[in-house]
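Please look over the sequence and the structure shown below.

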Amino acid sequence: MRNINRILARVIILLAVSAGSLIKSNAQDFLTPGDNLVTENIPSLPASYVTEVKNYTEARYATHTSWHPLRKEMLITTRFANSLQIHYVKIPGGSRQQLTFFEEPVSEASFNPVNGDYFLFLKDVGGDEFDQIYRFDMADKKISMLTDGKRSQNGGIIWSEKGDRMVYASTKRNGQDRDIYLMDPMDPASDKLLSENTGGGWYAVDWSPDDSKIMTEEFISVNETRLYQVDVRTSSKTRLIPEQDERSTFHGVSYSKDGNGIYLITNRENEFNRLAYYDLITKKLKYITSSINWDVEAADVSKDGNSVAFVTNENGMSKLYILSTASNKFEEVPGIPTGVIETIDWAGDSKSLGISITSYNSSGDVYEYNTTTNQITRWTESELGGMDASSLQEPRLITWKTFDGKTISGYLYKASTKFTGKRPVIINIHGGPEGQFTPAFIGRSNFYLNELGVSMIFPNVRGSTGYGKTFLDLDNGMNRENSVKDIGALLDWIAAQPNLDKDRI
């Protein structure tokens, strides 16, 4: 019980710091919880814990958001103070010039694709999730709100090929349904409703090469999504691939360069999401990545239409591939840092690919892969606060048999090697229920590993994404408690490990 109390005491340290006060006892400072926090059997917390914990809470991360259309320069999001803001980086390893200075975090920054004289970004107020679209003019750093500023959600900015207009999704019509709107960002008065929809799962995907059509997607559930094409002139909406014969997902990627087809990601007729091409003229669907028995998670078509970069999720780890659209042949990109790829984005030269990657010992940074030289260049190096990257151990993929013979997997983050004997274990089960833990940077949780000597296991029980749609459905309805049984089987697995303590979980 003493060990459990000690762990619990440190678990609530962040709450105690924010709500508590200092008292003097035997010449040492202690923290006491505020009146709104009730504790029982929790020992006093030395004030020195504040410094210990703080070292694990100050890690920064950088995410690529947009390339400048004319120069090899980019926008990223990172934080120097309390929230993510937009920064401008002109060269690999160069200074991060902060452009926005809000209390609230900023996201989805996107350069005008013609000359880069301004970019658009999203921001809400006080975390209310009612994102508004803003324009940032590079010349004078003036910021203008383009949307209504009311209780509406706005986002999903997609530029026209000419760069003179953009479409976005918004709930402003009735606060519930997510419609598609069209606007010239230099003239907010030009804003007009393009496609009225029913439901909250709609957003735009891409413009056709001649700017006459827009591909949109409707999210119904994790098991079912649909694609549509909207005529920009008439606002008529046509469903694509309507002959589907099963509950499937269709995620749009991009129109082909000639406009005769679209690239998409789908799990139709397969357990996993495959990259595919749909011919808009013949109405034929061709699967491209059937040889990969893992999900294709994301894809981006180069500006010249000659290449497709796509990312697979292989047991939680990301792999990057480059596809030639002329031959549909693809190859894995070697040398990409091991971890989880968050974003990919082709530069205007169709040779450089911006990549955001996080891993167990990197909170998240931006890299560039050049398809001509095959070189990988690191653009940012984010600080880990007081953490020593060399002390962080690579997580281990573990598997165990559950009650019905199925194999369940997860990742084990081991306690620091400076601790001996069997280690206590925290089992951290991801939310959802649909979702997947991927072996990324775990931030402040490294405090448990390095300072408390507690190992952590992140299981992907049945119902998790990433392991096929049959596995995804295994916890539906009356089968929900079977995912709990998967954790029961994990307890048995822990009991059989020589370095883990089954009595302290």
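This is a predicted model: local features need pLDDT of at least 70, side-chain atom pairs count only at pLDDT 80 or more; totals for chains, interfaces and linings use all residues.

Strand E12 and strand E13 (residues 166-170) are joined by four bridges and pair in the antiparallel sense. One of the pairings can be picked out by residue: Gly 155 has Ala 169 in E13 as its bridge partner. Strands of a sheet pair through backbone hydrogen bonds, and the pairing is either parallel or antiparallel.

The pair belongs to a wider arrangement. Four strands make up an open sheet, in the order E12-E13-E14-E15, with antiparallel pairing. At the edges of this sheet stand strand E12 (154-159) and E15, each of which pairs on one side only. From one strand to the next, the twist averages 30°.

Is Gly 200 buried, exposed or partly exposed? Its relative accessibility is 42%, so Gly 200 counts as partly exposed. Apart from neighbours within four places in sequence, Gly 200 is in contact with Gln 176 and Arg 178.

The next stretch can be followed strand by strand. E16 pairs with strand E17 (residues 213-221) in the antiparallel sense, over five bridges. Within this pairing, Asp 206 stands opposite Met 215 in E17. The two strands, E16 and E17, form a hairpin with five residues between them, and Asp 211 in the turn has a positive phi of about 65°.

E17 also pairs with strand E18 (residues 224-231): eight bridges join them, and they run antiparallel. Glu 217 has Leu 227 in E18 as its bridge partner, while the bridge partner of Glu 218 in E18 is Arg 226. In a regular strand, side chains alternate between the two faces of the sheet. The hairpin of E17 and E18 has two residues between the strands.

How many of the eight residues of E18 are buried? Seven of them are, so E18 is largely enclosed by the rest of the structure. E18 pairs in turn with strand E19 (residues 237-240), in the antiparallel sense and over four bridges. Here Tyr 228 stands opposite Arg 239 in E19. The hairpin of E18 and E19 has five residues between the strands, and in it Ser 235 takes a positive phi near 70°.

Lys 237 lies over the face of Tyr 228, at 5.7 Å from the ring centre. Another such case is Arg 274, which lies over the face of Tyr 287 at 3.7 Å from the ring centre.

Rings can also pair with each other. A pair of aromatic rings is described by the distance of the centres and the angle of the planes. The structure holds 21 aromatic pairs. One of them is formed by Tyr 321 and Phe 330, which is edge-to-face, with 5.9 Å from centre to centre and 80° between the planes. Tyr 321 is buried, with a relative accessible area of 10%, whereas Phe 330, at 22% relative accessibility, counts as partly exposed. Another pair is Tyr 413 and Phe 437: the ring centres are 6.1 Å apart and the planes are at 75°, so this pair is edge-to-face too. Tyr 413 lies in strand E33 and Phe 437 in the loop between strand E34 (425-427) and H4, so the pair ties together parts that are 24 residues apart in sequence. Both Tyr 413 and Phe 437 are buried. Elsewhere, ring pairs link Tyr 88, Phe 102, Phe 111, Phe 119, Phe 121, Tyr 134 and Phe 136 into a cluster.

In soluble globular proteins, nonpolar side chains tend to be buried together. The largest nonpolar core in this model has 19 residues, and those with the most contacts inside it include Tyr 413, Phe 437 and Met 456. Strand E33 (407-413), helix H4 (446-452) and strand E35 (455-460) each supply at least two residues of this core. H4 gives the largest share, four residues. Leaving aside neighbours within four places in sequence, Met 456 is in contact with several residues, among them Tyr 411, Tyr 413, Tyr 448 and Leu 449. A second, separate core has 16 residues, including Trp 400, Tyr 467, Leu 490 and Leu 500.

Key:
Residues are numbered from 1 along each chain as its sequence is written. Side-chain values use heavy atoms; hydrogens and water are left out. Buried means under 20% relative accessible area, exposed over 50%, partly exposed in between (1.4 Å probe, protein chains only). Contact means heavy atoms within 4.5 Å. A nonpolar core is a set of buried Ala, Val, Leu, Ile, Met, Phe, Trp, Tyr and Cys residues joined through side-chain atoms within 4.5 Å. Two strands pair if DSSP finds at least two bridges between them. Axes are lines fitted to C-alpha atoms, for helices over the stretch in contact, and angles run from 0 to 180 degrees between N-to-C directions. Rings of Phe, Tyr and Trp (its six-membered ring) pair if their centres lie within 6.5 Å; planes under 30 degrees apart count as stacked, over 60 as edge-to-face and the rest as tilted. A charge sits over a ring if NZ of Lys or CZ of Arg is within 6 Å of the ring centre and within 35 degrees of the ring normal.
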